[in-house]
Amino acid sequence: MCSNSNCYVPFFSYYWPFCGISAITFQLILLYLIYYRSPATLDNLKCFLYNTSFIQIILVATAVTSQHRLLSNTNSAAVLTIGPCSYISPRMCFINYHIFMATSMAAGSAIAITVLFRFLVLVQNQVTAHQTYFMVFASYIAPLALLIIPFTDTWDFEAVQKVTSIEHPTYNLSIYTPFTGFYNIGSPQFLSATFLLSIGAYGIPLGCLLLTRKVLVLIRFHSHMSDRTKKQAQTLIHGLIVQSMLPFFCYIPSFTGYVFSQSTGRELLLCEHLILASSAFPGLVDPFISCYFIVPYRQAVLEFVLPKRQSRITTVISNSTSGYN
């Protein structure tokens, strides 16, 4: 266990630049694959893939810009920021924090509507452009509310700094000063935002898992799908399941630790950092999930990484096919 309140800071000072550069690079590669390597069968799905990727780029960018940790007090909460935004102003960092939280919820919503899209395709046989745009628009309602609500609350950063120094006398806060935070965690605005976050943290992963299970059942007993189409559809749904599990493992533990610390006043040093790190983690690994479970993207990556192997496989398939002519 760390005795120094800032013992994890050196690690995350290296982690965040690595995470930011890697995640945005992988996301750009995914955007390239979506644009250039998507077959006609994925035309409707591309809108959701674009939406998820763009959101996750913003998610990672705001996380790297902030590099904050949350420190709970009895009646307030400090947002300790050490990222690039701290060179601008504390107010800018606090705004960046709220953008990150809203984007984090939007990232979970983006995965949820992708699962819903696949469900509707199987139930209705097709999803219209109007329905697609409506689902994307509706997925931003809760994140926008989460973004706007804190701006209607009272911001008193000096009071938060004084209370934090008194309630955490063993903490070295000099590297964060001046920092920001929530002056009154009992305010209707803070409670409303926390309620929305709890819905996103617990509701979205559980809802996605239940819906993907129904989708797999529908695919299995779909009478108009060939075996090959069923296999491809199941592979895509397995990818969505993994994407759904990411928020389940990333959001729920960190948010639960935050609520525990906020309600009990106990200091959870590592949890203070992991709330940000775990929330941004899907933006780092999601491109790998998409590239693995969406077959055309997987093939494109393999062609680039192992061109000779893919050339041999293509030659074997061509020779095998010509033998049946």
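Does cysteine 291 count as buried or exposed, and at what relative accessibility? At 15% relative accessibility, cysteine 291 counts as buried, where buried denotes under 20% relative accessible area, exposed over 50% and partly exposed in between (1.4 Å probe, protein chains only). Cysteine 208 is likewise buried, with a relative accessible area of 3%.

The model is predicted: local features need pLDDT of at least 70, side-chain atom pairs count only at pLDDT 80 or more, and totals for chains, interfaces and linings use all residues. Residues are numbered from 1 along each chain as its sequence is written, and side-chain values use heavy atoms, with hydrogens and water left out.

The protein chain contains 11 helices and three strands. Both kinds of element are DSSP runs, numbered from the N terminus (helices: H or I, at least four residues; strands: E, at least two). Their order from the N terminus is α-α-β-β-α-α-α-α-β-α-α-α-α-α.

Of the 325 residues in the protein chain, 49% are buried. The chain exposes about 16800 Å² (Shrake-Rupley method, 1.4 Å probe; for residues, only the protein chains shown count as cover). Carbon and sulfur atoms supply 66% of this area. Among contacts (heavy atoms within 4.5 Å) with a separation of 6 or more, 77% link residues 24 or more positions apart.

One disulfide is present in the structure, defined as a pair of cysteine sulfur atoms within 2.5 Å. Cysteine 85 and cysteine 93 form this link, with an S to S distance of 2.2 Å. The link is right-handed, at 115° about the S-S bond. Cysteine 85 and cysteine 93 are both buried.
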